[in-house]
Amino acid sequence: MSQRILNTAKPTPAPTQTQRHHPSPPQPPPKLGRRAASAAIAIAAAPALLSVSPASSKAQEPEPEAVGVAGAAAAAPCLAELPVTATAFLDVSIGGEPAGRITVGLFGDAAPAGASRFLSLVTGVGYRRKEFVKIVPGYVQHGGVVSYPAVPAVTERLAAEADALRARCPGGAVHGAAGAVSIVVRDPSLPPPKPKLVARGGKLEVEEEQVGVAPNGTEFVITTGAAPELDASAVLVGRVLDGMDVVAKIAAVPTVRDNAASPYFRVAKLIGDKRAVVAERGFNRPYTKVVVSNCGVLSKTE
């Protein structure tokens, strides 16, 4: 008698429809409060203060032929032809170590107000122990004496001399080569003054309020190459007679990276985050202290 073996396992049903995987929709990012968003933006912009850009400083280092006095004279006849009426010196230290002396010849005939201003600042405590605050391709900038007030009559006279020198030099190229020494008298990036109502003597009067800090006529620059952007903001007061190798050492100091193009920084500045303003002041600042350790007058014609 034959026996039949029964399969009691449950049959696997054939798939009737292809099962498709549908990914879950992406979750929206968590919303940040205004204070948290401001902090996040400022944190994104802050690394510029801590980052050093040795590569950019290498780009800023002038070529040997760009820092020679003879090269400057060939490239800017106006700079070389102006008569020197007085000489001054700036002893510079970098990182606390002596870097050398810069000898400056001043143009007392072409820029009497500017030359007189520079001479007054190299005597006494003016420029002494004050720092260079900006290093960019084309020039290095000294911070001047911040305690001096901005006197409109003084800065306007210096600005008038700057305009006269531009008209005198061929093509208006005052800062066309290395070795030019100039005092900053304008800041083209400053917005125009805003009208403001003030109460005085029981009456309302309209005054103009300057937004930002206008130059006080004490900051100076030394060009390391062509810097035509200075023509609109600085008055030429002299040229480097000796020590362009010292200027080259200053220009080679690593600086804080300029992060102004960052979208995070732009937003932080747009919303008025004060930390963005602080960060902007540090852009292009030397990472090592560069100081005028001593200065003075060497000669002066009466």
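Student: Of the contacts between residues at least 6 apart in sequence, what percentage join residues at least 24 apart?
Tutor: This is a predicted model, so local features need pLDDT of at least 70 and side-chain atom pairs count only at pLDDT 80 or more, while totals for chains, interfaces and linings use all residues. Residues are numbered from 1 along each chain as its sequence is written, and side-chain values use heavy atoms, with hydrogens and water left out. A contact here means heavy atoms within 4.5 Å. Among contacts between residues at least 6 apart, the share joining residues at least 24 apart is 79%.

Student: How many helices and strands are there in the protein?
Tutor: Both are DSSP runs numbered from the N terminus: helices are H or I with at least four residues, strands are E with at least two. On that basis the protein has 10 helices and 10 strands.

Student: What percentage of the 302 residues count as buried?
Tutor: Buried means under 20% relative accessible area, exposed means over 50%, and partly exposed is in between (1.4 Å probe, protein chains only). As for the surface, the protein exposes about 18000 Å², with carbon and sulfur atoms supplying 57% of it; such areas come from the Shrake-Rupley method with a 1.4 Å probe, and for residues only the protein chains shown count as cover. Of the 302 residues, the buried share is 41%.

Student: How does the reach of helix 7 from first C-alpha to last sit against what is expected?
Tutor: Helix 7 covers residues 152-168, which is 17 residues. The expected span is 1.5 Å times one less than the number of residues. The reach of helix 7 is close to that expectation, at 24 Å.

Student: Within what arc do the buried residues of helix 7 fall?
Tutor: The buried ones are T155, L158, A159, E161, A162 and L165. Looking down the axis of helix 7, they line one face, because the arc they fall within is limited; that arc is taken from the directions from the helix axis to the C-beta atoms. As background, an α-helix has 3.6 residues a turn, so residues three or four places apart point the same way. The arc for helix 7 is 155°.

Student: And what is on the face turned away, and what covers the buried residues of helix 7?
Tutor: The face turned away from the buried side carries exposed P152, A153, E156, R157, A167 and R168. Cover for the buried residues of helix 7 includes helix 6 (112-122) and strand 9 (234-242).

Student: Which residues of helix 8 are buried?
Tutor: Helix 8 (residues 244-251) is mostly covered, with 6 of its 8 residues buried. They are M244, V246, V247, A248, I250 and A251.

Student: Is N284 buried or exposed?
Tutor: Its backbone has a positive phi near 65° in a residue other than glycine, and for context, most residues other than glycine have a negative phi. N284 is in the loop between helix 10 (274-282) and strand 10 (290-300). At 13% relative accessibility, N284 counts as buried.

Student: What about R129, buried or exposed?
Tutor: R129 also isn't a glycine, and its phi is positive at about 65°. R129 lies in the loop between helix 6 and strand 3 (132-136). At 70% relative accessibility, R129 counts as exposed.

Student: How far apart in sequence are the parts that R285 and E131 tie together?
Tutor: A salt bridge is a side-chain nitrogen of Lys or Arg within 4 Å of a carboxyl oxygen of Asp or Glu, and the whole structure has 6. The side chains of R285 and E131 form one, at 4.0 Å from N to O. R285 sits in the loop between helix 10 and strand 10 and E131 in the loop between helix 6 and strand 3, so the parts they tie together are apart by 154 residues.

Student: What is the N to O distance between E205 and R200?
Tutor: E205 is partly exposed at 33% relative accessibility, and R200 is partly exposed at 39%. Their side chains meet in a salt bridge with an N to O distance of 2.7 Å.
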